[in-house]
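Subject: Structure handover

Hi,

Here is the structure I promised to pass on. Please open it first; my notes follow below.

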Amino acid sequence: SQACLEEDGRKQPAVGHWKPLMPSKGGKEEPEHGCQDPGGDESQSTEQLNVSRLRSSSVEIREKGSEFLKEELHRAQKELKLKDKECERLSKVREQLEQELEELTASLFEEAHKMVREANTKQAASEKQLREARGKIDMLQAEVTALKTLVITSTPSSPNRELHPQLQSPSKAVFRKGHGRNKSTSSAVVSAASQIVTPEPVSHECKEVDSILFAEFQAWKESPTLDKSCSFLDRIYREDVGPCLDFTKQELSELVRVAVEQNTLTIEPVASQTLPVVKVSAVECGGPKKCALSGLPRTCKHRIMLGDSGNYYYISPSCRARITAVCNFFTYIRYIQQGLVRQDVELMYWEVMRLRREMSLAKLGFFPSEM
């Protein structure tokens, strides 16, 4: 039995890991699954643990970053909302200020327009009173002159029979009744008295709205424009503006019309001192004694300048009245277009008609004496 055990011990291979010394042809070394290195498993698990930690930390960082960005976005949205509210408030304040400014400008314009009309009315009344006073003064002067003549011509040696009716013959005295006066005195008194007319009450002129003109003005008022192609301005150009600015010098008249339309025309009084020589010739500019627009010898108290050309043109009082009437019309039309006139449509219409009447009168040669 002992021998058998020894033989069995010889026959059993030794326990252990055997590797071939040389690899087989075309083969690779393959690790045997029987025994594995315990150190390799630990390093692999460590690496996996590190990877999982890195992943968890990156996820955590990402979550924190997203939360931070969300907070920043929320804060920015709040700030934008506050700024929007502030902008809204400021825009409302601006609109309110603009509206108040427009209303103030409109009220100032209306007040100025009213003051101008009152001043014109007072001026007309004063001129009328002045004419009446001058008539009375002329009458009194004529009567005083006649009385002086009678007194001087009546002397004791040759008495004036008109002053002493008792010296007249009875045949002539029969036909006289009451106190007699000198013929020249009586005629002077009668003629002067005939000039004094009892002041008539101011008559209020009757007005009636023309339906066609009013309809054209209403259509223009809905969308006011300075384009003369619309029916309202086209009629006024044909009937008033064109004839009023139609002077003898056609080229200069066209330049004046363009300057009035563009609001670049300047009118200034002529100074008493010698004026500087202008660039154009004296014939084209006229002179203090010759109107540049009509070409007639007239005393020119004003001159005009078209834009920034620096050239002055002397104009007569009649031409100045015509240009001024057209400028007043365009000024009022521009105020309506800019929304500065806050009146009823009918009042605006009658103001336009009044300005048209001024242009017609100026074209016919009527103008105030102060021109």
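A residue is called buried under 20% relative accessible area, exposed over 50%, and partly exposed in between (1.4 Å probe, protein chains only). On that scale, 22% of the chain's 371 residues are buried.

Some ground rules. This is a predicted model, in which local features need pLDDT of at least 70, side-chain atom pairs count only at pLDDT 80 or more, and totals for chains, interfaces and linings use all residues. Residues are numbered from 1 along each chain as its sequence is written, and side-chain values use heavy atoms, with hydrogens and water left out.

**Overall**

The chain holds ten helices and three strands. These are DSSP runs numbered from the N terminus: helices are H or I with at least four residues, strands are E with at least two. In sequence order the pattern is α-α-α-α-α-α-α-β-α-β-β-α-α.

Contact means heavy atoms within 4.5 Å. Of the contacts with a separation of 6 or more, 66% join residues 24 or more positions apart.

Axes are lines fitted to C-alpha atoms, for helices over the stretch in contact, and angles run from 0 to 180 degrees between N-to-C directions. Under 35 degrees is roughly parallel, over 145 roughly antiparallel, 65 to 115 roughly perpendicular, and the rest oblique. For residue classes, Ala, Val, Leu, Ile, Met, Phe, Trp, Tyr, Cys and Pro are nonpolar; Asp, Glu, Lys and Arg are charged; the others, Gly among them, are polar.

*α9.* Helix α9 (residues 317-337) and helix α10 (residues 345-364) have axes that come within 8 Å and cross at roughly 165°. The two are therefore roughly antiparallel. Their crossing is left-handed, that is, the near helix is turned anticlockwise from the far one by less than a right angle; clockwise would be right-handed. Residues in this contact include F329, Y332 and I333 of α9 and V352, L355 and M359 of α10. By class there are twelve nonpolar, one polar and four charged residues.

*α6.* The axes of α6 (residues 231-244) and α10 come within 8 Å and cross at roughly 30°. That makes the pair roughly parallel. Among the residues that meet are F232, R235 and E239 in α6 and V352, R356 and K363 in α10. The classes here are eight nonpolar, one polar and five charged.

*α5.* The axes of α5 (residues 211-222) and α10 come within 11 Å, crossing at roughly 115°. So α5 is roughly perpendicular to α10. This crossing is right-handed. Contact residues include L213, F214 and F217 of α5 and Y349, V352 and M353 of α10. The count is eight nonpolar, one polar and three charged.

Most residues other than glycine have a negative phi. N263 is not a glycine, yet its phi is positive, about 60°. N263 sits in the loop between α7 (250-262) and β1 (265-269). N263 is exposed, at 53% relative accessible area.

Best wishes
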